[in-house]
Amino acid sequence: MDADTAIGGHGDHFPSTQLSLLEATASGLSSDALDRVITIYWKPVYRFIRLKFHKKNEDAKDLTQGFFATALERDFFTRFDPDKASFRTYLRMAVERFAANQYAAANRQKRGGDTEFETVGEQAVPTESPEQVFEREWQRQLFCLALDDLRAHSERCSKQLEFQIFQAYDLAEGERPSYAELASQYGVPETSVTNYLAWARRMMRSFVMERLRGTTAGWRELRDEMRRVWS
Amino acid sequence: MELGDSVLDHLRRVAALPDLSGTRYELEGEIGRGGMGIVYAARDRVLNRRVALKVLDLTPAGEAQLIAALEHPAIVPVYEAGTLPDGREFYAMKLIRGARLDHYLAAQPTLAERLRLIWRIGEAVAYAHSHGVIHRDLKPQNVMVGEFGEVYVMDWGVEAIAGTPAFRAPEVLLDQRSDIYALGALLRFLLPKPTPPALAAIADKAMSADPAARYPEVPALLAEIERFEQGMAVEAWPEPLWHRLRRFASRNAVLLWLLAAYTFAKFLIFFLRKF
């Protein structure tokens, strides 16, 4: 399986063309709101398409781009009805329909002989369904963005030490250091480690909530989505 | 920033934990999830006792104030309410030691005990209704049976939530009659098999799809159950003649035995005199 795109990671959450595309599209939503939606959902949509439709990296990227472009053209986001489903579910189902239509259209062209046959990517059988992967990527993206927010906020508030301790503990892969070890490493009392972690987690939580608030319609959907985010 | 699965899971877990810094409580662990938030076991450091701490997801209308206004033996008392440093509202309440209703039934209690439970639940709901409060989400998971047999109705709703299909009334707008529907569903849930037909009929009436066909208020439902317990006819069930006779015999067993003994004695005396 070819490697996933870096889009959505490393701080570049979606291609800059998406922003200009958003700005150029007349819709009922503000450019900021669309920006928030695409920032969170680009990567989950891309991963979902890759797994569900066995697409290669570039094909999945094109389909993802195509989906958001079509969604903007057709006022997809403004037709969302929060009484019927969460925005996340609405969007995933729309992606599924869109990709299936694209697949059917490509097959029609194939029969005409003017298009290459689509190759199914040699992907390892995933342990999770594409729908589960979509949700997991959505959670991952939310936390990635919230951590970016937290880092920026720490710098603005001169709380880099708090962020460093949080990073050393909560973002550690594998075994986590003890509070005593962190206290010794950073030259602060152990109680400060507890307080710094509490502060950073509190802020991270509020940034996740803020990001969620931007892509949900009302407090009830926000509450339900938060419940899906917190384990 | 890239996050691996294990770090993501860790962040999801720690972000959900309530921030109790600056409060008198020390977190022990999660004990349940209700309609509006998560309930944790915590230790009150000042009074050195364990409490249940409900942390609300968001900040809707004051659930704590609503419950605190209900002083009833079957409604968990609220000790304190406040806001956590992370902005979430919480309230501390008595930590109930016991079993959830659905777990309690695994011990196969008697019919009389099952009816006692529905009575206690009904009394709490009737009391709340008299104060203008409806529960909205009555179900076995929201009822606790304490270690001394006391019954607690938990998770009083302030906002209509999805509810549990088997216990939720079909109407969109929930009111007191919706609680009566849920009480009927609870009664049906509590009854053993085979179910006495009179009790099944009471549950069915309480669970009528049309709210107007249900009992008009909780005391009317409880009165029906009481009539059953006293061996009287219930309004919900048009009783067959044979059942009425059997119930009459059951209620007047002593009288019937005395009558039979008297008749037998008279017959015996008559027989002895003749021969």
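Modeller: What follows starts with the sheet, goes on to one residue in it, and ends with a pair of helices. This is a predicted model, in which local features need pLDDT of at least 70 and side-chain atom pairs count only at pLDDT 80 or more, while totals for chains, interfaces and linings use all residues. Residues are numbered from 1 along each chain as its sequence is written, and chains are lettered from A and ligands numbered from 1 in the order in which they are written.

The sheet of chain B is open and has five strands in the order β1-β2-β3-β5-β4, with antiparallel pairing; strands (E, at least two residues) and helices (H or I, at least four) are DSSP runs numbered from the N terminus, and two strands pair if DSSP finds at least two bridges between them. In general, strands of a sheet pair through backbone hydrogen bonds, either parallel or antiparallel. At the edges stand β1 and β4 (78-83) of chain B, each with a single partner strand, so one side of each has no neighbour in the sheet. Direction ignored, neighbouring strands of this sheet are turned by 25° against each other on average. Within the sheet, β2 (residues 37-44) and β3 (residues 49-56) of chain B run antiparallel and are joined by eight bridges, and I38(B) stands opposite V55(B) in β3(B).

G29(B) lies in strand β1 (residues 25-33) of chain B. G29(B) counts as exposed because it has 8 C-beta neighbours inside 10 Å, where exposed means 12 or fewer other C-beta atoms within 10 Å of the residue's own, with C-beta atoms placed from the backbone. Leaving aside residues up to four places away in sequence, G29(B) touches Y40(B) and A41(B), contact being C-beta atoms, placed from the backbone, within 7 Å. The C-alpha atoms of G29(B) and A52(B), which are 23 residues apart along the chain, are separated by 10.0 Å.

Elsewhere in chain B, helix α6 (residues 197-206) and helix α7 (residues 218-229) pack at an angle of about 175°, with their axes 10 Å apart. The helices α6(B) and α7(B) are therefore roughly antiparallel to each other, a term for angles over 145 degrees. In this pair, A198(B), L199(B), I202(B) and A206(B) of α6(B) meet L221(B), E224(B), I225(B) and F228(B) of α7(B).

Conventions
Axes fitted to C-alpha atoms, helices over the stretch in contact; angles between N-to-C directions. Parallel < 35°, antiparallel > 145°, perpendicular 65-115°, else oblique. Contact = placed C-beta atoms within 7 Å. Buried ≥ 20, exposed ≤ 12 C-beta atoms within 10 Å, placed from the backbone.
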